[in-house]
Amino acid sequence: MNQYNYVVSAQKPTAVSFSVKGNFLSPNEQCLIVSKGSRIEVFRFDGEKLKLVVEFGIWGRVASLKLYHTTNRPTAELFVLTEQSNYCILSYDDTLQQVVTECSGQLAEIGAKAYEDGSVVDVDDSGRIVCTSIYLGMIRFLQLNTGVWGENMQPMAGRSSSKGKEVIGKRISTEVGISVNMSMSLPTLAILYQDAHEDRHVTSYVVNVRTNSKAAGILPSTNVEPGANLLIAAPPPYNGLIVVGEQSIMYLQPMNPPITIYMDATVMKAHEVIDASRILLGDYLGRLYLLILLVENQHVKDIHLEKLGEISAPTSLSYLGDGVLFMGSAYGDSQLAQLNTDKNDEGDYVTILDEMTNLGPITDFALVDIEKQGQAQVITCSGAGLDGSLRIIRNGVGVHIQAALEIVGVKNVLSLRPAYNSNIEDKLVISFIEQTRVLRQIEDELHEIEHYSGFCLSRTTLATTNTIDNHIVQITDQSVRLFEISDNGNLLDELSAEGNARITIATTNARRCAFSTGEGTLNLLEYKAGKLERSGSTKLANEIACIHINQFSLAYDDDVIVVGYWTTMRTQLLSARDLSVIASVDLGGDIIPRSILLTEFEKELFLLVALGDGQLFNFQVDPLTLQLSNQKKVSIGTQPVTLNTFSAGGATHVFAASDRPTVIHSSNHKILYSDVNLKDMSNITAFRNPSFENCIAFTTSSGVMIGQIDQVQKLHINKIPLGEMARRICYQESTRTFAIITTKMETSLSDSSKDSSIKILDDQSFEILDTLTLESFEVGESIASCSFDGGASDFYIVGTATVVPGDEDVRKGRILVLQVSPERKLILRHTRSIDGSPYCIQPMDNKLVVAVNGTIGIYEWSNHGLSNVCCHRSNTIVVDMAVNGNQIVVADLMRSISKLVYDKNSRTIRELAIDQNSNWMTSLSLVDDNVVIGAEVGYNLFTLAQIPNNTMDDTDQFEVIGEWHLGEYVNRFRKGSLVMNHSDTSTTSSSTLFGTINGVLGVMHNLTADQYLLFSQVESNIIHIVGSIGHFDHSKWRNFRGDRRVAPHRGFIDGDLIESFLDLNRSQMQQVVDGDMGGQRLNCSLEQLFRIIEEFSRLH
Amino acid sequence: MNSALLAREHGIERPQSLRRAEMTKRMYELELSQFKEVARGHHAPINWIEIDRVEKKYLLSAGADSQIHIYDIEEPVHTKLWKIPSIARVEKKNRQKFGVSSVAWYPFDTGMFISSSFDNTVNVWDTNTMTPACTFDLEEKVFSQAISPIAHHSLVAGASADPRVRLCDLRSGAFTHSLTGHNGSVMAVQWSTRYEHMLVTGGTDCTIRVWDIRKAAACIMSLDQYNTEDADPLSSTNQAHNRPINGLAFSSDGLYLISLGMDEKIRLWDAYTGQNTLVNYGPHLRNRSRTTIKPLIVDNGIWPPLIFIPSDDHQVLAFDMLDGRLVKRLRGSYGRVTSVDKRPGREELYSASKDQEILVWEAPRKDSELIDRRPEAELDAWSSDEDEQDEGY
């Protein structure tokens, strides 16, 4: 059995783990380097804004980032250490505009125990040695040699002397020449360590890398507070050492007694040295402090701590100069702030300038197609602590509002070009019921024109355009007017309908127009040398509902008028020569066509017909015979749709304006539908000119807006701040509500109570409708929407655990049965106590499956209460669970995955299959009846297939059929897709999304064996051509790395790597296809490969 | 657990922290398994057990009855009490003549294992046929042997009544060189888990010698329990214990070595400097028998690390390695415990003793009371008795 997965990140990691600043890009320019998971981003800072210059992935999770200067290079070098103990030194080549790997190597030790809190790396100020502390009891130095990289850089093993016994929780900082008594050329190392009695001490050494020796340092060895966790080397000239603890900060200096100040208990998480006397500190609650060294006579006399303000809980601080501080966070949005010298209104010194969106940690998410349109939006529980929020994420084309005119009663908006041959639009025609206004673009502003040539401003405008003779035609409800293009031009001709009948509907192109005065009449006019010439008229059998004339020249001899009718639901193509019917099609149903459009996608002709209920038909049109074929129907909204074309990136796009605006375009001869980030757009027209690049003008209920439109679709993220952590989210369709479980984080170290509550929110406005606060020490663990009567009434089921401080085991919990009342309030229908923590709850066929600690129980609703049907115990703690029919698949804390089945007849649970591996699980996802994908704590994914057992034993074994290192901690899998899943695209139906701690929103697709083979080869070919930053091995990075086991990766494809193909230049692409530089020639052409990869890249 | 899971899913604590905390807790809670026992296979004291590091499920046991058994300790599902059966043993004609003193899996696959015997031989066995593939005659009774878990060489070091430490090369089937320095029998031998050429031996001369097998003067250090300053590392006065040394074990990172002496002391050595760390493990150990015993450092994913020491008074003693605190006494044997080993990846310990039994120790299985509770549904009137009998409890 095989299962191949294509894994790609729709949202790359957003949680900032480290940041450093310096002149990495060029000698005189401040830049900021930020690491997020396994990605590094380099920003240029111009004094106001951060501008992304280069970003790249490295094949490893970044464990440390240091920027330092050496004497032989004007720019700084970047030292990167990964969690796999690989390191590299990077520099930036300004002429090639790319990152250069200077050297790389690895520091991994077999059997050695890594620090639980992560590695510590420091580089001495003059860039001579790197000091790494990765494993317990070992410090290793890397000598940064004189100019020549590579061979000269030998890791050398050092060993901290263990005064006391073992050292843990060490922090290291290197400094240079802290006293004149010492040779200035020797770096000093300060070590914070803990002895076997859990006391902490600081000691220092002078390190001589050349002789591989160390000597006692000038700082006296000192006992420090047990909570000390951070050492900061005070900058020259004072050369002291700052020891930051949980309750005190100590300043150590040679020859002088230490200075200690006390503070409220907290944990400092980030620090940044501003200058010789000022150091910024940030704590775990997002409080920013300034530590000031008070100097007298060249000696630090005292230190002082001042709170500056509240920020996102920081993981890193980087001071960019001029009072601007970057604050990287893994728990909330990263921020760029101005530090002021004076307090502001809120009493702090911090003004936030900009924010960098962070989705992490995504603890749970719901994938909901609220509008039932085939496109889901994702609502994530993001952020930790006070930075908790919900994020609404949807994929689509962005329209960014550039200008808005607030006018009521707008019926339509049209645009005119300054000349027929021009490719910009300078006039906006806004049509009302009984008047028309014309706005003209003059430089950067729009001005209303009181009078424009022969333009009739006192009637509504049905259509207007530039004609082939460089005139303008305007069709009002009264007449067709042809006039000169100049402002004071003359009316050349005007023609009213017969008997001055009111024109109800009209369409025009540059050569002719067609209009109807109702009752099925259709009149045709031609523009000939400034005259309007009747060229035909007919009376059709039915009233015309919508009409359109081709806007571009056809291969067919004549212009074509397409008409949609009332009552018959028929659409016809009429020849503009004699109004004869060329083609006709019945749409069926009883919804009237409201908008019709003939368009060209990639040189293929299509007819689009939009109905009044948001349905859209598309037909392929034969260019010569104009016969229709290939009818397809999709639903793009619920309201009448108006179709209009605009061009973007040289290709024709159709904008379908409705309650859910959609951009229709094509790629690889496939029609694609992209959501637009705005709602409520009714008419659009292209409006492009130098002030409004790539813009469209459109009407909304509040007036006319001009917006710039994105070339490609991407994720749009909206934030709903909560101020507390959202842990779980669940959607209930029948009540159109979301329910979330929130937990307030303790705000001081002594307070261990957590306030937990259940909230319901409206699915559109995300307004909190009701809140149910849980008892003290009670924490919400799981939530599900469930029905006990086949769907007639829905309940929210919430599992809670009572967490007694000091007792690790939960002995008591509750299952709450809640219902949303018609007034949209939460009503508690029933509670049931249980003897443990209900980690997971899932509905199953009018019953509930509840995992209490390691026991799976089935509950049913009887006599207005929950009663237990049966239970089964085979696990330690269930961390995730999925229900499929009557099968229950369980991810255990430490025992991998097992599958149970509930037997309806005997009302018992039986074990179906187990995995004998001891994976520590985080979450799982069902692929089908036999295949499960699991995620474990070592950032790996694996696929299991159930293989029938041949022995007498009735429990099957799972076989591992795929293993892969994702490099991200997956908290949740959910089935579904971020892209619109229309009836004609079936490839996305089997996709799965996942959310990670670093804020990655990932997508997983099934692959066929052929695709897998092709992509495996493409992966390796791309690596051969492009190489890797830091010379890290992609294959090793993707190998499954368990606690004690490394297994080659198989069954998964790195979609991010595959899609990097699209960013290569053409010759590189060709090289990938040819398999140059040691790859293998692919069995397909460049065009084919490009098309395949592009297809996949569109799936997220 | 709830708070730990909350911190884990938010990335506040690293995922490894919860794993380490939970594994440590389970390791500290070891108790005699109520669900597993090892079928009796030996008719004489068991001298040594070892679990393979490759498939992590095959336990070798060596007895004074010259017998070697292999047990598959992977538990099938659906067992209430599981008696672990022996899946292979040595036929009488193939056995070593006298008792087997120690046994070791070939570190890289389970197709081969090595045994030492009081009949002066070190045997290399083919697991599939359970026949000796190769025999080295050490001319003196062999107390134990060791093969490096990390090395590229395939040298088996034999500790015997001969003061020379013999190196048997599995590739050639011949001895390479001998390491001289001990004055008396060599009881215990271990390869470093960090440096592939580093070997440590302990003998009846009360010394622990550290060897670099590449060097002509191979002995680089003789450990000194008193940490005498500026002393010659090879000083003939250096003693590691006051009585013969009969047990050695390295930590998995190779930074620590523990030694057991018949002076009933446990010493923890800094394997990097050779210094005695002076951790005091108290007066708990009983160790008076002149046979090699196999202690164990459990430090993989466990913090603080534990050492498990077989004791003559029918127990396994568990100490906090770093501060010497006695954490637990594993009582259950009816004889002197000779050897302990842990199943990799599981909190599951095996101990062998002179009473011919191998005992299984594991973390208590919690929530067992939940299984035994009768589901309420069964109390319903319409739930028939047959249903109850089908329950898999």
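1. Definitions and basis. Two strands are taken as paired if DSSP finds at least two bridges between them. Strands (E, at least two residues) and helices (H or I, at least four) are DSSP runs, numbered from the N terminus. This is a predicted model, in which local features need pLDDT of at least 70 and side-chain atom pairs count only at pLDDT 80 or more, while totals for chains, interfaces and linings use all residues. Residues are numbered from 1 along each chain as its sequence is written, chains are lettered from A and ligands numbered from 1 in the order in which they are written, and side-chain values use heavy atoms, with hydrogens and water left out.

2. Sheet 19-20-21-22. In chain A, four strands form an open sheet in the order 19-20-21-22, with antiparallel pairing. The edges are strand 19 (230-233) and strand 22 (256-262) of chain A; each has a single partner strand, so one side of each is left without a neighbour in the sheet. From one strand to the next, the twist averages 20°. Axes here are lines fitted to C-alpha atoms, for helices over the stretch in contact, and angles run from 0 to 180 degrees between N-to-C directions. Inside this sheet, strand 20 (residues 241-244) and strand 21 (residues 248-253) of chain A pair antiparallel over four bridges. A:I242 has A:Y251 in strand 21 of chain A as its bridge partner.

3. Sheet 6-7-8-9. A second open sheet of chain A has four strands in the order 6-7-8-9, and its pairing is antiparallel. Strand 6 (62-68) and strand 9 (98-106) of chain A are the edges; each has a single partner strand, so one side of each lacks a neighbour in the sheet. Neighbouring strands are turned by 20° against each other on average, direction ignored. Strand 7 (residues 77-82) and strand 8 (residues 86-93) of chain A run antiparallel and are joined by four bridges. A:L78 stands opposite A:L90 in strand 8 of chain A.

4. Confidence. The model scores ipTM 0.84 and pTM 0.85. Chain B has a mean pLDDT of 89, and 92% of its residues reach 70 or more. (pLDDT is the predictor's confidence in each residue, from 0 to 100.) Over residues 368-393 of chain B the pLDDT is below 50; this stretch has 30 contacts in the model beyond near neighbours in sequence. Contact means heavy atoms within 4.5 Å.

5. Interface extent. In chain B, 56 residues are in contact with 79 residues of chain A. The two chains bury about 6,200 Å² between them, 50% of it on carbon and sulfur atoms. Buried area is the accessible area (1.4 Å probe) that two parts lose on being put together, summed over both. B:N2, B:E9 and B:R19 supply 11% of the area that chain B buries against chain A, more than any other three residues.

6. Interface pairs. Three salt bridges link chain B and chain A (a side-chain nitrogen of Lys or Arg within 4 Å of a carboxyl oxygen of Asp or Glu). B:E9 forms a salt bridge with A:R727, with the closest N and O atoms 2.9 Å apart. Helix 2 of chain B gives the largest share of the side of chain B that touches chain A, 10 residues.

7. A:R1041. This residue lies in strand 84 (residues 1040-1041) of chain A. Leaving out residues up to four places away in sequence, A:R1041 touches A:Q84, A:G938, A:N940, A:H965, A:K1036 and A:V1046. A:R1041 and A:L941 are 100 residues apart in sequence and 9.9 Å apart in space, C-alpha to C-alpha.
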